[in-house]
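Okay, thanks for coming, everyone. Let me put the structure up, and then I'll walk you through it.

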Amino acid sequence: MSCQEKHHILEISNLSVSFRQYDRGTNQINLPVITNLNVSVHDGEIVAVVGSSGSGKSLLAHAILGILPYNASLAGEIYFNQELLTEERKKQVRGKEIALVPQSVNYLDPLMKVGLQVRNGDKSPGVMERMKALFRKYHLEQETENLYPFECSGGMSRRILLSTALMGNPRLIIADEPTPGMELSLAKKAMEDFRQFADEGNGVLLITHDIELALEVADRIVVFYAGTTVEEALVSDFESLEKLRHPYTKALWRAMPRNGFETIPGSQPYVKELPEGCVFGPRCPLFSEECEGEIPERVVRCGTVRCIKCEEDHSHHHHGREEAHTHAGS
Amino acid sequence: MKGTKVQFISKNFIRMILLLIAVSIVTFTLVSISPIDPLSANVGQAALGSMSQEQKEKLEEYWGVNESPVQRYLNWAGDFVRGDMGVSLLYRQPVTKVIAVKLSNSLFLMAIAWAISGVLGFMLGVLSGAFRGTWLDKLIQGYSLLIASTPVFWLALLLLLIFAVWMKLLPIGLSVPIGVEASGVTFFDRVQHAILPAITLSITGVSNITLHTREKMIDVMESDYMLFAQARGESRWSMIRRHGLRNIILPALTLQFASISEIIGGSVLVEQVFSYPGLGQAAVAAGTGSDVPLLLGITLVTAAMVFLGNFIANILYGVVDPRMRKGGTVS
């Protein structure tokens, strides 16, 4: 991000995650699930990584925390508080300075009482006191600690999971789809809690498929497509189509109910069948031969984009989508 | 809550009765159609040839050869419901008494094997599953697969050869020393004679429990709550200790009680090899000697034991699992 000089809490550059797999028989192949991903989170900021379900977004969270499965390999750099996050360092910070808020109550041990899990087994008075304070803050009754996860409602579970994350006094929260299947009012309440946490000078990396919700609470949106980040935009860029940079983001914008509910044909390519060059190429209205080459990430208007067709400054011209198309052809 | 418990127990009781009826019918049918002639099997071909017709008829009446099978079954069943299991034709003693003696011999053996295979199998399975893919896992898995594919009687012979014949550390067979009066047999003698058969049973039992526990442990290790525990900075050991053991205990209970049937099945072969006078050996003798009352008695007793084992596991589930204890739904 070129337009912000704030302190980085998290900076991920050129992150790639791939899985070793056996194809037929003993033929080992590498499945690239995330390729050259760049994301950064600053002080007091909520950054939403938006992508469709099943596109491997969760692996981003797992990569930061160092909890990828054994057959995954990792490339690229992750910096936390300006310091390189090695696997060893990840072990030290996870659950403390970096906390995960998972999707649902399924991420709690079904046979262990909630309180014991929130405190992570710690019974010291200080930890006890901190839990009680968090329960008060999130309007959870003190008896909640003696319940089992199956006895908690959806709203309670969400607040319990958030309390769990905050027990270690983190600087960064990674929220992995924290609101699926949640009522809108509950989801908004959850987002308010994240906003409050960020406003205290911390960072939130929100991983979600819900762009509407992300736009309501986040400061910046990172668009995730086929394992990479195609665009990084300010939330205000989503006010109009012209301010957006990547054709996929524009398609996403048009697909939103308030902007016409218009969808484009096709679906995200499977990691085994990624196209040459631009991953969005086969579905892109601006597609041309050059798109099959290497696509660098460029900084355009305080955001980044991975598209060679995107103009440095769109706002001076009155380009609609058709015009952009003709322009590219000329 | 209370009502459902009574309902649960009575329902299972009825189920057990139905099972026992079915088992007795099947066993009886199998014995009836078996080609073994009780007379030639028990009296001997030569002796039978030198007998008079009258003597033969007497014997035929004793073994019930001329009655129709249905009639014989009904006779037996009528007595059984009145608590009379009949008289063993081979041992010439009430079946209840024969079973009591043989069962006490076998129970000792089976209890040891059950405990050892259960505890050892559980520990190995948890380790193997928790450290999947490591050399430890490969070692445990390799051992389990090797033992699981080894016939139990062959293993028994092997141990007999090594510890009794070559090293002369342990007795070669039977449950008490040869040539010693019953009053002179010490508890130590009994233990010494039970060691080899019990070890054989344990070794084979371990592999099964290990492999099943390993699978369950892998499921637990791959669960969302384990991933979250890791994300919260818990160490591997802490995860296994706090969440792994807690969540593996339910399937382990089922396994442990289900393994009763395998232990009983295995004891038949093992007792045969070690000439150990237990229930298994009596079952073989009853089967090959057409001692129908004894065979039926043994079959029903073992079927009831297996059923009760599973039943206890069901009840323990309700005690251990808070989701069942608190009356919630199991997700």
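Some housekeeping before that. This is a predicted model, where local features need pLDDT of at least 70 and side-chain atom pairs count only at pLDDT 80 or more, while totals for chains, interfaces and linings use all residues. Residues are numbered from 1 along each chain as its sequence is written, chains are lettered from A and ligands numbered from 1 in the order in which they are written, and side-chain values use heavy atoms, with hydrogens and water left out.

So, chain B. How many helices and strands does chain B have? There are 14 helices and zero strands. By helix I mean a DSSP run of H or I with at least four residues, and by strand a run of E with at least two, both numbered from the N terminus. Read from the N terminus, the elements of chain B go α-α-α-α-α-α-α-α-α-α-α-α-α-α.

Chain B has 331 residues, and 41% of them are buried. Buried here is under 20% relative accessible area, exposed is over 50%, and partly exposed is in between, with a 1.4 Å probe and protein chains only. The accessible surface of chain B is about 17500 Å², and carbon and sulfur atoms hold 68% of that. Those areas come from the Shrake-Rupley method with a 1.4 Å probe, and for residues only the protein chains shown count as cover.

Now contacts, meaning heavy atoms within 4.5 Å. Take the contacts in chain B with a separation of 6 or more: 74% of them are between residues 24 or more positions apart.

Let's zoom in on Gln272(B), in helix H11, which covers residues 236-273 of chain B. Gln272(B) is partly exposed, at 37% relative accessible area. Setting aside neighbours within four places in sequence, Gln272(B) contacts Gln281(B) and Val284(B). Ala156(B) is 116 residues away from Gln272(B) in sequence, yet their C-alpha atoms are 9.7 Å apart.

Staying in chain B, have a look at Arg92(B), in the loop between helix H5 (69-81) and helix H6 (95-130). What is phi of Arg92(B) near? Phi is near 55°, a positive value in a residue other than glycine. Most residues other than glycine have a negative phi. Arg92(B) counts as exposed, at 60% relative accessibility.

Over in chain A, Asn169(A) also deserves a look, with a positive phi near 55°. Asn169(A) is in the loop between helix H5 (154-166) and strand S7 (172-176) of chain A, and it is exposed at 57% relative accessible area.

Is Asn202(A) buried or exposed? Asn202(A) is buried, because its relative accessible area is 9%. This residue lies in the loop between helix H6 (184-199) and strand S8 (203-208) of chain A. Not counting residues up to four places away in sequence, Asn202(A) touches several residues, including Ile9(A), His42(A), Pro170(A) and Phe197(A).

On to salt bridges. That's a side-chain nitrogen of Lys or Arg within 4 Å of a carboxyl oxygen of Asp or Glu. Over all chains, the search finds 24 of them.

Here's one: Arg195(A) with Asp219(A), with the closest N and O atoms 3.3 Å apart. This pair links distant parts of the chain, 24 residues apart: Arg195(A) is in helix H6 of chain A, and Asp219(A) is in the loop between helix H7 (211-217) and strand S9 (220-225). Asp219(A) is partly exposed, at 28%.

Next, Glu129(A) and Arg136(A) meet at 3.9 Å, N to O. Glu129(A) is partly exposed at 44%, and Arg136(A) is exposed at 52%.

Then Glu297(A) bridges to Arg306(A) at 3.7 Å. What about cover in that pair? Glu297(A) is partly exposed, at 29%, whereas Arg306(A) is buried, at 12%.

There's a network of salt bridges too, linking Glu45(A), Arg220(A) and Glu232(A).

Last stop, a negative surface patch made by Glu276(A), Glu289(A), Glu290(A) and Glu292(A). Patches use residues with over 30% relative accessible area and no salt bridge, joining like charges within 9 Å and nonpolar side chains (Val, Leu, Ile, Met, Phe, Trp, Tyr) within 5 Å. Lys and Arg count as positive, Asp and Glu as negative, and His and the chain ends are not counted. Each charge is placed at NZ of Lys, CZ of Arg, CG of Asp or CD of Glu. Glu289(A) is in the loop between helix H8 (247-255) and strand S11 (298-300) of chain A, and it is exposed at 69%.
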